[in-house]
Amino acid sequence: MKKLFALAVVICLLIAGCTDTKSRSTGVYMLLDTSGTYAVELKKAQKILNYLLGVLAPGDTLAVARIDTGSFSEKDIIAKVTFDERPSVANNQKRAFMQQVETFVTTVKGSPYTDISGGILQAIEYLNEAESGKKYILIFSDLKEELAKGYKRDIPFQLPDYNVIALNVTKLRGDNIDPKEYLARLEDWRGKVEKGGGDWGMINDLERLDNIFAN
Amino acid sequence: MTFANMLNITSNAALSVLIWIVLFLLALYFARRPFHKVIMSFSKIIRNALRLTAASVLSAEKRLVLRNREVLMAAGLENSERIVEREFDRISAAVTRDLDGYPNVHRQLSELIVKLDEDYNNSADVPPSLPNWMPIIESIAKIEHSGDSMVANMLAEINRSLTEQNKKAIEDYRNSTAARHGILNKMMPFWRKVERSLDGIANSITNIKKRAKTVDRCMNDYEKIRAGSDKAACALSTSALTQFAIAGLVLLIAIGGAVINFNLIALPMSEMVGGASYIGPFKTSDVAGLVIILVELTMGLFLMESLRITRLFPIIGAMDDKLRHRMIIITFTLLAILAGVESALAFMRDRIAHDMEVLRQTLAGAEQMGMTPSIIPTVGQMVLGFILPFALAFVAIPLEMFVTSSRTVLGAGAAWLLRMLAFLLRLLGNIGFYAGRFIVNVYDLAIFPAIWLEGIILASKGKKMALAEGEIPEEDSKLAEEAVDSYEETIQIKEHQE
């Protein structure tokens, strides 16, 4: 009997040893710029979210948050979900998530300032807690940061194992006059992300969304 | 000393070069014999080492061929024993069946014969004859009367009575004949029954005779294999190759079936064990699906073993019949349950796939079609899920064939590889030897002026000099002869191989 018990323990340990403890799930945190004129672009953001809902698998995490005057806050998270391991339950969660986003897009009000850094800090905090294997922060914005008076965002990002992807980075009027501004803005964000240990990417053509998970 | 300094040993650079060339040639000339010896002994070392290795490899190949033959013969013997055993089983079953029924047949035949005998006796009864007093009456009736009315009346009465008796006798005779014919008619079915019984016995005997002939043929094959004849070995080898090819093909088809089966159950398994956990690099749901298929295969294997169709596990075949029958029932039940589970999973898969499709359409913004999905694919998948486990159970048969024949095929392949290796080693040995000779000749070509001068000087002294080509030491020539493998040796090795 003791021998059988010992054998069972050994088998259990072997099985436990074989089980991969490394997380293979994907965590996506999408920041939506709701400032000024960019708010009208949110329909495109909804399409991107629908794409994400289609490709994310059971066990993955998805959260959507708005970028407003002060984005480093849980209150700015519009919807968040970690999909159940069972596909049927995950499908229902996706439907509910889609509904939440739909409600937000139809009722959103523009904000006067754009706190992208605060949103990224919030995303890092959220995805670290979710313990996803692959982490993606998607910024749906023109990347023009405008902080309200008194807000400080001079904290370096800690982005190891993160992929930060800017989506639909529209050109502002000033950018058309002087493209250097646009390029400088992009370079500035790239520098911040790569300095923090993350990978930077940009997708403007929404027909190429499959490139989001190319890495 | 730099190159410039070397050119400055005389005032004239060309002269310096010439002096250096002469010195160099002289050095090479004096080093010629040691160089030749070094090169030739080195090439001899290479050649002999490789030849030794080749001989060792050939010896291993010979042992392997012998072992292959032993294994092939053992497999052939086992197979023949199996066939003979099966034929004896059939004969035993036929004899048991026929002999079991023989007392009954014998009794039936005896009864039928008694009945036929009785009927025959009955049909042979003498027809009823006229009474004995009839001739007397007939004589009286023929007496002539003289007109006496009383006598005339009496005689007329006697005549009438006689005529009536005659008619009655004829009628009785006819009736009796008809009755006998009736009896004979009734005998026909009995005759037919007898014929059928005898035919059945004749068929049984013919069948046993056929079986006996088959057993004789199998026993002849068995004797040939036991005698270890080349013909039997060749036949068995060819048979093993054919079996290997056929079994391999069937196994490939079975693998295709298993892959389809896996795809049927992998997705719904994620609904049961979760779709986000992993065992190693593989999804737990995939592993679970694979395990189910492997368990089905194992059950199929045990079922075939219990039915004594395959013999991969002799312990199962050696079980007593009661235990074996229990095992058949258990494995078949488990297989049926697993088939049911798979069918349910196939149904679930269809539901999940449909749900996903609807979700995708919603996400893409497409309008939902009001059409209800057809039931045919669902039923098709369920039927497939139920049938495939039973179909996979039969994989045990080609698997056994593959395993048994692969030993022969792999053995033959290994022997061929060893032969090729031995050939390559011998080839390399010879190349090494002739490369040494080539280097020696190139060396001599480089210092040909010195050799030429040597020839002139020696000729002038009146001594016989061998040409440079002939200056290779005698042992070298012998060595060169030895480099070529002797024909006798090759033939000897080949004979051993065969």
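In β4(A), A:K135 is the bridge partner of A:G27. That pair belongs to a set of seven bridges between β1 (residues 26-33) and β4 (residues 134-140) of chain A, two strands that run parallel. This is a predicted model, in which local features need pLDDT of at least 70 and side-chain atom pairs count only at pLDDT 80 or more, while totals for chains, interfaces and linings use all residues. Residues are numbered from 1 along each chain as its sequence is written, and chains are lettered from A and ligands numbered from 1 in the order in which they are written.

**The sheet of chain A**

- Six strands of chain A form an open sheet in the order β3-β2-β1-β4-β5-β6, with mixed pairing; two strands pair if DSSP finds at least two bridges between them.
- The edges of the sheet are β3 (77-82) and β6 (199-203) of chain A, each with a single partner strand, so one side of each has no neighbour in the sheet.
- On average, neighbouring strands of this sheet are turned by 15° against each other, direction ignored.
- Strands (E, at least two residues) and helices (H or I, at least four residues) are DSSP runs, numbered from the N terminus.

**Helices on the sheet**

- Helix α3 (residues 87-107) of chain A lies across β2 (61-67) and β3 of chain A, at about 175° to β3(A).
- Helix α6 (residues 179-195) of chain A packs on the sheet and touches β5 (162-167) and β6 of chain A, its direction making about 145° with that of β6(A).
- Axes are lines fitted to C-alpha atoms, for helices over the stretch in contact, and angles run from 0 to 180 degrees between N-to-C directions.

- Chain B has 14 helices and two strands.
- Of its 498 residues, 17% count as buried, a term that requires 20 or more other C-beta atoms within 10 Å of a residue's own, with C-beta atoms placed from the backbone.
- The contact between the chains takes 19 residues from chain A and 14 residues from chain B; two residues are in contact if their C-beta atoms, placed from the backbone, lie within 7 Å.
- On the side of chain B that touches chain A, α6 (230-273), β1 (278-279) and α9 (321-364) of chain B each supply at least two residues, and α9(B) gives the most, with six residues.

**Helix packing in chain B**

- The axes of α6(B) and α9(B) come within 8 Å and cross at roughly 80°, and the two helices are therefore roughly perpendicular, the word used for angles of 65 to 115 degrees.
- Among the residues of α6(B) that meet α9(B) are B:L264, B:I265 and B:L267.
- Helix α11 (residues 396-446) of chain B packs against α6(B) at about 135°, with the axes 8 Å apart.
- α6(B) and α11(B) are therefore oblique to each other.

**Residue B:P389**

- B:P389 is found in helix α10 (residues 375-393) of chain B.
- B:P389 is buried, because 27 other C-beta atoms lie within 10 Å.
- Not counting residues up to four places away in sequence, B:P389 touches B:E296, B:L335, B:L338, B:A339 and B:E342.
- B:P389 and B:M299 are 90 residues apart in sequence and 9.4 Å apart in space, C-alpha to C-alpha.

Conventions. Buried ≥ 20, exposed ≤ 12 C-beta atoms within 10 Å, placed from the backbone. Parallel < 35°, antiparallel > 145°, perpendicular 65-115°, else oblique.
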